[in-house]
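Dear colleague,

I am handing over the structure below for your use.

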Amino acid sequence: MIRPLLASLVAVDAHLLGQRPLPAAAGLPRFLREFLYFGVKEARACLFVVLFFAAVFTVPREGLLGLPRYDVLLVVALAIQFGMLAAKLETWDEFKAIGLFHVVGFALEVFKTSPAIGSWSYPDAGYTKVLGVPLFAGFMYAAVGSYIIQAWRLFDLRVLHHPPHWMAALVATLIYANFFTHHYIGDYRWYLAACALGLYARSTVVFRPLDRDRRMPLLLAFVLIGFFIWVAENISTFFHVWRYPNQMGAWAAVHVGKWSSWALLVVMTFTIVANLKHVKERIHVPD
């Protein structure tokens, strides 16, 4: 069952990447066709996200076959990840980058859920909880990296007017550090957002939904991805995967201010992806 499914995914990818020019298509028919392919490619790029969060929403809170829910989710995440690697839907370099996302995200989770900080918590039991954080939690960050990596290939992405890589790396590092330091020396999120705004103001992402290149400001892409992560976070807390302090008695929507945090996290994630060798070749940095 698994092998035919993986073969089907490979066939779908070949179709999505092999579209020939359609000079006769114009007007509304072209728009509808491009919109359809854009949606299909977005859904395909979200393969890890969709499968992982499908498990998050369907695995009972009491777990399966005597295994706590958090541990079941770890098994599912590992199965999806190695399945994509085995099917060559990800390269080893991309796999290593996703592993880095997991480590970076898990370290942040450990800090944020520590008794001294208590930003949120994982209330259920699990054999694979380390320092109060289930090991599957890092995959929620890795899912963002997986989406960007898959979208890069499926949409034939290129970036024009990207800032120098050392500048992007510096801002990304400061963004990550601020998630820790704002508990002690103040929140500089908006200053960092202003730096990112200036740094990427001219950056444009070129993508191909069907057979023609389209363009979008890279900053808009960061904001949109951050929004959908915020939506997923609301759904996850509704299903009690984790909880914020104000959700202990009854569920409440995650504050919209978290949208900005997620958008900044996307900037950091994009910076890591942009340093992959085959991705870096498709990024234009002005002299």
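**Overall organisation**

Residues 24 or more positions apart account for 74% of the contacts in the protein with a separation of 6 or more, a contact being heavy atoms within 4.5 Å. Please note that this is a predicted model, in which local features need pLDDT of at least 70 and side-chain atom pairs count only at pLDDT 80 or more, while totals for chains, interfaces and linings use all residues. Residues are numbered from 1 along each chain as its sequence is written, and side-chain values use heavy atoms, with hydrogens and water left out.

The secondary structure comprises 11 helices and five strands; these are DSSP runs numbered from the N terminus, helices being H or I with at least four residues and strands E with at least two. Of the 287 residues, 48% count as buried. Here buried means under 20% relative accessible area, exposed over 50%, and partly exposed in between, with a 1.4 Å probe and protein chains only.

**The sheet**

An open sheet of three strands has the order β3-β4-β5, with antiparallel pairing; two strands pair if DSSP finds at least two bridges between them. Because β3 and β5 stand at the edges, each with a single partner strand, one side of each is left without a neighbour in the sheet. From one strand to the next, the twist averages 30 degrees. Angles run from 0 to 180 degrees between N-to-C directions, and axes are lines fitted to C-alpha atoms, for helices over the stretch in contact.

Strand β3 (residues 158-160) is joined to β4 by three bridges, and Leu160 has Thr204 as its bridge partner in β4. On the other pairing, β4 and strand β5 (residues 214-217) are linked over four bridges, with Arg214 in β5 the bridge partner of Phe207. Six residues lie between β4 and β5, which form a hairpin.

Thr204 belongs to strand β4 (residues 204-207) and is buried, with a relative accessible area of 19%. Residues up to four places away in sequence aside, Thr204 touches Arg158, Val159, Leu160, Arg215, Met216 and Leu218. Helix α9 (residues 218-238) lies across β3, β4 and β5 and runs at about 75 degrees to β5.

The largest nonpolar core has 81 residues, of which Phe52 and Tyr200 touch the most other members. Such a core is a set of buried Ala, Val, Leu, Ile, Met, Phe, Trp, Tyr and Cys residues joined through side-chain atoms within 4.5 Å. Its largest share, 12 residues, comes from helix α6 (residues 138-154). Leaving aside neighbours within four places in sequence, Phe52 is in contact with residues including Leu73, Phe136 and Met140.

The axes of helix α5 (residues 92-113) and α6 come within 7 Å and cross at roughly 145 degrees. By class, the contact of α5 with α6 has nine nonpolar, five polar and two charged residues; Ala, Val, Leu, Ile, Met, Phe, Trp, Tyr, Cys and Pro count as nonpolar, Asp, Glu, Lys and Arg as charged, and the others, Gly among them, as polar.

With kind regards
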